[in-house]
Amino acid sequence: MGLKSTFKADLEKEQKLYVLLDAYYRNHLKHYTFERISDIKSQLAGIDLVFTQKSGKASYFIDEKAQLDYINDDLPTFAFELGYLKSGKTKKGWLFDDVKKTDFYSLITAIYSDEPHSYTSCNITLVNRKKLVWFLENKGLSEAQLDVLLKKYSGSSGKIEIDMLNA
């Protein structure tokens, strides 16, 4: 029962955040139109939004990731899911999941609210998925190398300090 109510509450938070996000997208992405995607199959493929150039030359699939558990707080970091456990089996996280069609992540941080679930401001960082994976590989952090780190630190708090990112 508790899981359902948390799920419903999370959906309500997301719906209210969309109002602010959509206003930001309209105001700051003048050369693009966007469409919010609601069908579950597309969302499971990592598509929450489609940005389309007004010229019609290109469209991009966007996966929104919001720090909704940290309202009125500006965390200095963002976690990318490398893997997770489901029914006792390790599954590939969304960053390296080949099923995902994501072109960009829209990372929503520093979400502020004056009243519960009525959002007044946030930061949005668009991250090119292919360039991020390329960057990690060039730092010596390919998917295979990160898998080794995950296995090495399995059972830890989940936070892994990776020196190669600071080099």
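Which residue forms a salt bridge with Asp-98? The partner is Lys-92, and the closest N and O atoms of the two are 3.8 Å apart. A salt bridge here is a side-chain nitrogen of Lys or Arg within 4 Å of a carboxyl oxygen of Asp or Glu. Asp-98 is exposed, at 65% relative accessibility, whereas Lys-92 is partly exposed, at 36%. Buried means under 20% relative accessible area, exposed means over 50%, and partly exposed lies in between (1.4 Å probe, protein chains only).

This is a predicted model, in which local features need pLDDT of at least 70, side-chain atom pairs count only at pLDDT 80 or more, and totals for chains, interfaces and linings use all residues. Residues are numbered from 1 along each chain as its sequence is written, and side-chain values use heavy atoms, with hydrogens and water left out.

**The chain as a whole**

The chain has four helices and seven strands. Helices (H or I, at least four residues) and strands (E, at least two) are DSSP runs, numbered from the N terminus. Their order along the sequence is α-β-α-β-β-β-β-β-β-α-α. The C-alpha trace spans about 45 × 45 × 35 Å along its principal axes. Of the 167 residues, 28% count as buried.

**Salt bridges**

Side chains of opposite charge can pair when their charged atoms come close. A search of the whole structure finds five salt bridges, including those in the table.

| Residue | Partner | Closest N and O atoms |
|---|---|---|
| Arg-36 | Glu-64 | 2.7 Å |
| Asp-63 | Lys-65 | 3.3 Å |
| Asp-98 | Lys-92 | 3.8 Å |

Arg-36 forms a salt bridge with Glu-64. This pair links distant parts of the chain: Arg-36 is in strand β1 (residues 32-36) and Glu-64 in strand β3 (residues 59-66), 28 residues apart. Arg-36 is partly exposed, with a relative accessible area of 24%, while Glu-64 is buried at 11%. Together with Asp-22, these two residues are linked in a network of salt bridges. In the pair of Asp-63 and Lys-65, both residues are buried.

**Strand pairing**

Two strands pair if DSSP finds at least two bridges between them. Strand β1 runs antiparallel to strand β2 (residues 49-53), and five bridges join them. Thr-33 has Thr-52 in β2 as its bridge partner. Strands β2 and β3 also run antiparallel, joined by four bridges. Val-50 stands opposite Phe-61 in β3. The hairpin of β2 and β3 has five residues between the strands, and Gly-56 in this hairpin takes a positive phi near 80°.

**The two sides of helix α3**

Which residues of α3 are buried? They include Arg-129, Leu-132, Val-133 and Leu-136. These four cover an arc of only 95° around the axis, so they lie on the same side of α3. The arc is that of the directions from the helix axis to the C-beta atoms. The buried residues of α3 pack against β6 (104-115) and β7 (118-128).

On the other side of α3, Lys-130, Lys-131, Trp-134 and Asn-138 are exposed.

Conventions:
Contact = heavy atoms within 4.5 Å.
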